[in-house]
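Please read this briefing alongside the sequence and the 3D structure. Its points are grouped by topic.

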Amino acid sequence: MFFRLFYYNVRRQLRDRELVFWNLLFPIILGTLFVTAFGNYMQKEETFLTVDVAYVTEDKENTGFAELLDTLKDGEDPLLSVKVCDMEEAKLLLEEKEVRGIFVNEEEGIRLYVKEEGITESILKTILDQYRKTEAMITKIMQQNPQKLETVIAGMSEQISFVREEKYTDASMDGMMEYFYALIAMSCLYGCFAGVVCAVSSKADVTPLAARRSIASTNRFVALAADLTSAVVQQFCYTMIAVLYLKYIQKVQFGDKMPYLLIVVAVGAFIGVATGFFIGSLGKAKEGTKIGLALSFTMLECFLSGLMVGNMYHIIQRICPILNKINPAALIVDALYSLDIYSDFRRFWSNMEIMGILSLLLIVAGFLTVRKERYASL
Amino acid sequence: MSQPVVVIENLVKRYKEVLALDHLNLRINEGEIFGLLGPNGSGKTTAINCVLALLSFDKGSVKVFGEEIQPDSYEIKKNIGVVLQNVAVFEELTVFENIDYFCGLYVRDKRLRKQYVSEAIEFVGLNEYTKFYPKKLSGGLLRRLNIACGIAHKPKLIILDEPTVAVDPQSRNRILEGIQNLNAQGATIIYTSHYMEEVEQICGRIAIIDKGRKIAEGTNEELKKMIKADEKIHIDVVGLSEGQLADIRKLSHVYQADYTENRLTIYCNGGKHNLVRILGYLQENEVSFGRVYTELPTLNDVFLEITGKELRD
């Protein structure tokens, strides 16, 4: 009986054009718009890393600095792009913003000339400051304790290698990812529509269809379980289709932790359906009204998790952190984010636990409402 | 005497201040078509919903197949088929799928279910529409689908709550014939309607209810014998005076005569040649008249005489 009802529910949901649009196509469309909107920004960040700079030697030798520049312009992802030229040409390049700064080898040492103030210019200044400090230290050691120079240089190299970058995941650390995580949360929580339908289909005082089902000889709990399961499975599939589309077609970097992403989407779909089921179980309002209410509630959850304003999650965390602990959208976003930034899964599982408990509470509360044995009026 | 399938005793149901069922007593026997007749809001649907354990009630008892029915009386429910007043089908499922879905709520055996579904489709004449979605069906066909969903599992007791509302005459006749066929196949039928002609046509026994009370019960003939009128005569008359109307009222076997909008309606109890006598009076008094027809009393007359109002008021 369960599987038959499950089968027919899936069929019904697949043919429900509104449901297919909002739960499957809308997240895909919105995701595509996000990629289009953020694509340029992401690209800018990449080019931002390689800074164009001019180096004017003034016919003077500074082997140390020249070697540093060589190091920084080498590799697949160089920090600097260096053009060696005379002062006149360098000024022209700076004027035309072809370069962001000029290193000049003067009598007093290396000097930096920039035209504007910004992050790029700060990077150039940091490079120069670091060089000056190292140069001064080496000069001092050479003067005071030349026999230890080799050890110090070796120690510096070790220190550098000690703080090398360790990647826990291949996920993008891009701030824009929060939007995509909020989008996944929204898609999961759109399971509320199917949840409302599940509840309304069991309330004989709301629809004749529910009345017909209520007077049948099928156990109400079995029918409800089939309804809810099919709704969760369906929503899980819809969201996963959207995720896979974004990952493989739009090349959004969701990282290499797909099994965990599957868990988030499954629990997210469950809480989405549970929320809708609870809302649908309240009162005698029509299905459309309840869906409207569920949509408003879901969009509020998504707003607070950062779907519309990227750093909203952090603002809420500062103002009212408990809200982030009970907002399913925020929990989904945080769980996905935690996969990118933490090596262990404590925070991830904690979020999943909270979502699981919230879902069960909503389902039980909804069930206690719709299981009503007899109605006072129909 | 046949076994009672449904026994309603002293059923009282209140909606706040409104008394929807006022100590209603009904006994529906196995194998009969039992009509529940009453105007809109008389309590027919409320009574049905109490029988189906959908509605709570304040007092009394409802027994179906000899047992008090409860919401979880699944064994009893297996033998009940219901055609609700409002069409209750899934818009996203085809005609076949809808019938299969609802039949499947009662019948687990796949092969048996398939057979039942085919028979139900045949029964309501939707063979050509099995792949249609409900929104593509006309009102009449939709009602037929609604009926098929309610009876496909071959229940022993079928409750039809106003199944012909907003149905075209062709579909209505088909539905009424179908109900008689179901009864012939052994099903007990409870048929609620405010269309007296339908109830007269198919029901063996009829209960007339008004304001939640049963005001009369019996066969069609028994109910009609409860009232004085044996014959009703309608004559289109132009310019009948008050004096002439008073004269007509004094004619033998005439116990009531009304004249409104150029139509004279005369109620006679017993006697022979009433029509001849009345027409003779009109001719003698040079009253011009047109169309003349007579009819036997209807259930509406029964209702009118008992309650003082028309069934469709």
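## Briefing

Glu106(A) is part of strand β3 of chain A, residues 101-106; helices (H or I, at least four residues) and strands (E, at least two) are DSSP runs, numbered from the N terminus. This is a predicted model, in which local features need pLDDT of at least 70 and side-chain atom pairs count only at pLDDT 80 or more, while totals for chains, interfaces and linings use all residues. Residues are numbered from 1 along each chain as its sequence is written, chains are lettered from A and ligands numbered from 1 in the order in which they are written, and side-chain values use heavy atoms, with hydrogens and water left out.

- Glu106(A) is buried, at 19% relative accessibility; buried means under 20% relative accessible area, exposed over 50%, and partly exposed in between (1.4 Å probe, protein chains only).
- Beyond its neighbours within four places in sequence, Glu106(A) contacts Lys60(A), Arg111(A) and Tyr113(A), where contact means heavy atoms within 4.5 Å.
- Arg132(A) sits in helix α5 of chain A, residues 119-144, and is partly exposed at 38% relative accessibility.
- Not counting residues up to four places away in sequence, Arg132(A) touches Ile110(A) and Arg111(A).
- The C-alpha atoms of Arg132(A) and Thr50(A) are separated by 21 Å, and the two residues are 82 residues apart along the chain.

**Domains**

- Chain A has domain 1 (2-42 + 173-370) and domain 2 (49-158); the bounds come from an automatic or database domain assignment.
- In chain A, the C-alpha centres of domain 1 and domain 2 lie 53 Å apart.
- Chain B is assigned domain 1 (4-225) and domain 2 (231-296), and the C-alpha centres of these domains of chain B lie 42 Å apart.

**Chain B as a whole**

- Chain B has 11 helices and 14 strands.
- Its C-alpha trace spans about 75 × 45 × 40 Å along the principal axes of chain B.
- Of the 313 residues in chain B, 53% count as buried.
- Among contacts in chain B with a separation of 6 or more, 67% come from residues 24 or more positions apart.
- Chain B exposes about 14,500 Å², and carbon and sulfur atoms supply 47% of that area; accessible areas come from the Shrake-Rupley method with a 1.4 Å probe, and for residues only the protein chains shown count as cover.

**Salt bridges**

- A salt bridge is a side-chain nitrogen of Lys or Arg within 4 Å of a carboxyl oxygen of Asp or Glu, and the count over all chains is 25 salt bridges.
- Lys97(A) and Glu116(A) form one, at 3.2 Å from N to O.
- This pair links distant parts of the chain, 19 residues apart: Lys97(A) is in the loop between α4 (87-95) and β3 of chain A, and Glu116(A) is in the loop between β4 (109-114) and α5 of chain A.
- Lys97(A) is exposed, with a relative accessible area of 52%, whereas Glu116(A) is partly exposed at 32%.
- Lys232(B) and Asp301(B) form another, at 2.9 Å from N to O.
- Here too distant parts of the chain are linked, with Lys232(B) in strand β11 (residues 231-237) and Asp301(B) in helix α11 (residues 299-307) of chain B, 69 residues apart.
- Lys232(B) is buried at 10% relative accessible area, and Asp301(B) is buried at 6%.
- Salt bridges with shared partners join Glu32(B), Arg205(B), Lys214(B) and Glu217(B) into one network.

- Lys13(B), in strand β1 (residues 4-15) of chain B, is buried yet has no salt bridge; the nearest side chain of opposite charge, Asp58(B), is 5.2 Å away. For charge, Lys and Arg count as positive and Asp and Glu as negative, and His and the chain ends are not counted.
- Residues touched by Lys13(B) include Tyr375(A) and Ala376(A).
- Lys16(B), which is not a glycine, has a positive phi near 55°, and it is exposed at 79% relative accessibility.
- Glu261(B), also not a glycine, has a positive phi of about 50°, and it lies in the loop between β12 (254-260) and β13 (263-268) of chain B.
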